[in-house]
Structures are given as C-alpha cells and as structure tokens.
Amino acid sequence: MPSLTFIELSNPDGDRLLSAACTLGPEEMRTRLREWTTLRDRSVLRQEPDGVVLTLPDNTSIAALADLVERESECCGFYTFTLTIDGPARELRISAAGFVRQLASMRALAPTPASRAKTVGRFGRFFAEQLWQVYGGRH
C-alpha cells in the first residue's frame, strides 16, 4: 500500500522568506517565464556557487528590469537580486541562498528518518531543477 508523505514549512512570525508563495495563475506564470527567458537569452550567463550572474546587454532597460525583479521578489522572496552597473557594464546576480534556509525548515511527515530525508532531498532536487530551467538553463 503506497504511503503519502507531506512536507511542512515552519514559518517564524514576520519571516517574509518563509511565508513567500507563488500567487501567479497559469497565464501569469507563462508570461513571467517568457520575460525571464527573454532576458536570459539576451545575456551572457555565468554560474557561481550561490546562483547565477547575467551579464546584460548595454541596451537593457533598467526600469523594465527593476520592474521584473520587483514582481519576482513579491512572488519568490527567497531570491536575492543584485544589480551592478559600472559604466556600460551591467550584471544581475541572482542567488537562491535563501532557498537553503527554506529547505532546512522543511519537515517531511513520513514513517522513518530515512524516508523523511529522502522526501526532502527529492523536493530539493526537483525545485532546484525548476529554478535552473527558468534562470539558468537554455531550452
């Protein structure tokens, strides 16, 4: 008989990071994904241990980028976005280090310690893969 495993998040009061949840509907999600994919495909991508850095074309609209980052921050509070402008050079650093905090707060409700660890690990791999597809992977 298959068993169900649930994951709980502990959420300390006032912790914006852990209370973040995607509120986008399906069409909004597709639109947002297109925005990020377009930005990524116009940029040079560099992986770093804690995330990715997009070297942006010098004609990137800072106002449009700020708007996209603001909207993404509202939806996914575990991201850290850092924009560096040095003359014509522009880089956007995207870190999901906060995801580690979020993952550490998860508690899988499963019958054994091994099955709980396996469940959290599977979720972490799945989620990290989804992040990479949006922000780092090339389709």
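## Thr-37 and helix H2

The side chain of Thr-37 reaches the backbone oxygen of Leu-33 at 2.8 Å. This is a polar contact: a pair of N or O atoms within 3.5 Å, where within protein one must be able to donate a hydrogen and the other to accept it, and residues adjacent in sequence count only if both atoms are side-chain atoms. Thr-37 sits in helix H2. Its relative accessibility is 16%, so Thr-37 counts as buried. Buried means under 20% relative accessible area, exposed means over 50%, and partly exposed lies in between (1.4 Å probe, protein chains only).

## Basis of the model

This is a predicted model, in which local features need pLDDT of at least 70, side-chain atom pairs count only at pLDDT 80 or more, and totals for chains, interfaces and linings use all residues. Residues are numbered from 1 along each chain as its sequence is written, and side-chain values use heavy atoms, with hydrogens and water left out.

## Overall layout

The chain holds 5 helices and 6 strands. Helices (H or I, at least four residues) and strands (E, at least two) are DSSP runs, numbered from the N terminus. Along the sequence the pattern reads β-α-α-β-β-α-β-β-α-β-α.

Of the chain's 139 residues, 35% count as buried. The accessible surface is about 8700 Å², and 58% of that belongs to carbon and sulfur atoms. Areas come from the Shrake-Rupley method with a 1.4 Å probe; for residues, only the protein chains shown count as cover. Take the contacts (heavy atoms within 4.5 Å) between residues at least 6 apart in sequence. Of these, 64% join residues at least 24 apart.

## The nonpolar core

The largest nonpolar core has 17 residues. Such a core is a set of buried Ala, Val, Leu, Ile, Met, Phe, Trp, Tyr and Cys residues joined through side-chain atoms within 4.5 Å. Trp-36, Leu-39, Tyr-79, Phe-81, Leu-92 and Ile-94 have the most contacts inside it. At least two core residues come from each of H2, strand S3 (51–56), H3 and strand S5 (89–95). H3 gives the most, with 4 residues.

## Salt bridges

The whole structure contains 9 salt bridges. A salt bridge here is a side-chain nitrogen of Lys or Arg within 4 Å of a carboxyl oxygen of Asp or Glu. Glu-72 bridges to Arg-32, with the closest N and O atoms 2.9 Å apart. Glu-72 lies in helix H3 (residues 62–75) and Arg-32 in helix H2 (residues 26–41), so the pair ties together parts that are 40 residues apart in sequence. Both Glu-72 and Arg-32 are buried.

Asp-67 and Arg-71 form another bridge, at 2.9 Å from N to O. Both lie in helix H3, 4 residues apart, about one turn of the helix. Asp-67 is partly exposed at 37% relative accessibility, and Arg-71 is partly exposed at 24%. Arg-34 and Glu-27 meet at 3.8 Å, N to O. Arg-34 has a relative accessible area of 48%, and Glu-27 has 45%, so each counts as partly exposed. Finally, Arg-46, Glu-48, Glu-91 and Arg-93 are linked in a network of salt bridges.
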